[in-house]
Each structure stands twice: as C-alpha cells, then as structure tokens.
Amino acid sequence: MLCGCKGVRYCKLCESSERVKKLNFVNSDTTTYSHFCLECRTNLACEHFPGNTGIALSGVSVYREFVSPSEEKSLISEMNERAWVLSQSGRRKQDYGPRANYKKQKLNLAGFNGLPRYSFYLRERLKVVPELSDFRIVEQCNLEYQEEWGSCIDGHVDDTWLWGPRITILNLLSDTVLTFTRGECEVAVPLPRRSLVVMAGDARYTWKHAIRRGDVNQHRVSLTFRELSDLFLKLDRSEDGEKILDIAKRFNDT
C-alpha cells in the first residue's frame, strides 16, 4: 500500500524515507496528565481518578453505544462499497462536503452532491442528543485507521472559518483514546467502540485534539460530522451557507 503523507506528516510506510529523516521534531512540553472520567464527566479529581490534576477540560461529552453492533456492521459494509482514498498520517478517507482552501478562505461546491444515504438515520439520531438538537450536518468525513499503517492524526483545532461550534465523531470497530492538549496539560478521553463524542466550547476552540499512533491498536473507522460557522449562517457568507445547507439536505448513493 502507498501512503498519502506529505509535508510534516508521516506513517509507518514512509517514516524511514529521506523526506521524514529531514524533519525536525519538537519534544512535547506536557507536564500535567489527567484521565477524563466517563462516569463523572470530568478530568478533575474524582472517585475513579483521585490523582487527576491540571485545568478542567470543558465541552466534551461521550455517549456510549450510540449505534448498535448490527448498525455498526451495516455502516462499515456501506462505506466499504465506496472508494477509499489515501490520506495523510497512515489514514484513508471518504469525504462528503464542500471543498475548501482554508488558508486562502476559498470555497468550491463542485462535486458536492449531498451526503451518503446510509447516514440519514444518524442525522436524525444526532438531534436527540441534548446539545445537538439544532445541529445541521453539512460535512461527513470518514477516516480509516490501521495499526500496521501507523495511523494517527496530529494535535489540531478544526478550522473555524467554515466549520461551526460543534464537532461530532462516531467511533467504530475498536476502542481508542482522544488526546486533548493545552499548554502543559494533557487529557486522555477514552472513546469506547460505537461511542459518539461531541466537542464544543473550550474543547472545540482552545484545546488541540489528536489520535496518537499508540492508541490505534486495532482497525478503526471514524465518522466526523460538521456544521457551518456563523459566518456562513448569519454573516457575510450566508448566501453560500444557504447553498451548502440545501445540498446537504440531499441523501443519495454517492
């Protein structure tokens, strides 16, 4: 298998290449670690993790068993009937949504024909989640991870020009850990198989989130759903926003 890495990204397939050897890696300055307790919904000291220290990670919610085992099997089958394309850091992807150049803040709607039909019921189910009652999906990005590929995704904050205040991720096929970092603090948020994680507020805007290579121990697939920013809903780009919302209402077999 080839890889799609470039720039500072790398995976097990290219980590011994001349390109990667020339990269300058910076050691992490993290000094404070904590575990996010799914029962207490906090990364501060609690009865399950009394040794937790650091600053509070707010804006994270994890919902276990968001889909059933049979629904998980069906989703994977539907995705595998469609082509996967190479992505960076040892991943493969399927992307349904507007294409954008985030640096130049340019939008391209050509090729965006709507969302896959198999995820229609997920859109309806998301509305039942308390903080997502008005969540309108305009992008679905499927990512595939494999341990033997060295799959991961580096710490980052999702774009804020196009994408809105909530990011949701459905975690399939295996457990993993979503790692949040902010300055010297690091928080490990467990994502059980078939769980949904919602990031909003500080978790969305002030903490970086990542999936580390060491936390991909089995085949994993994630579905990320995004909404539009206020710029595209209410402000200068609202005309483009209406076009995107209209296209995203369509569910087809693309």
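## Salt bridges

A salt bridge here is a side-chain nitrogen of Lys or Arg within 4 Å of a carboxyl oxygen of Asp or Glu. The model is predicted. By this rule R237 and D240 pair, with 2.8 Å from N to O. R237 is partly exposed, at a relative accessible area of 23%. The count of salt bridges comes to 17.

R226 pairs with D158, and their closest N and O atoms are 2.9 Å apart. R226 sits in strand β15 and D158 in the loop between β9 (153-156) and β10, so the bridge ties together parts 68 residues apart in sequence. R226 is buried, with a relative accessible area of 13%. D158 also counts as buried, at 6%.

E72 forms a salt bridge with R193, the closest N and O atoms being 3.0 Å apart. E72 belongs to helix α2, and R193 to the loop between β12 and β13, so this pair links parts 121 residues apart in sequence. E72 is buried, at 3% relative accessible area. R193 counts as partly exposed, at 33%. Through shared partners, salt bridges join E65, E72, R193 and R194 into one network.

## Helix α2

Helix α2 covers residues 69-80 and has 12 residues. From first C-alpha to last it reaches 17 Å, close to the expected 16 Å. E72, L75, I76 and M79 are its buried residues. An α-helix has 3.6 residues a turn, so residues three or four places apart point the same way. On the other side of α2, S70 and K73 are exposed.

The buried residues of α2 pack against β4 (91-96), α3 (120-126), β8 (139-145), β10 (163-172) and β15 (220-228).

## Nonpolar cores

The largest nonpolar core has 35 residues. M79, L170 and L172 have the most contacts inside it. At least two of its residues come from each of α2, α3, β10, β13 (196-199), β15 and α6 (238-248). Beyond its neighbours within four places in sequence, L170 is in contact with residues including F66, L75, L122, R194 and V221.

Another core lies apart from the largest one. It has 23 residues, among them V62, C141, L143 and F180.

## Positive phi

Most residues other than glycine have a negative phi. L173 has a positive phi, near 80°. L173 lies in the loop between β10 and β11 (176-182).

R194 also has a positive phi, near 70°. R194 lies in the loop between β12 (185-191) and β13. At 14% relative accessibility, R194 counts as buried.

How values were computed. Residues are numbered from 1 along each chain as its sequence is written. Side-chain values use heavy atoms; hydrogens and water are left out. Helices (H or I, at least four residues) and strands (E, at least two) are DSSP runs, numbered from the N terminus. The expected span of a helix is 1.5 Å times one less than its number of residues. Buried means under 20% relative accessible area, exposed over 50%, partly exposed in between (1.4 Å probe, protein chains only). Contact means heavy atoms within 4.5 Å. A nonpolar core is a set of buried Ala, Val, Leu, Ile, Met, Phe, Trp, Tyr and Cys residues joined through side-chain atoms within 4.5 Å.
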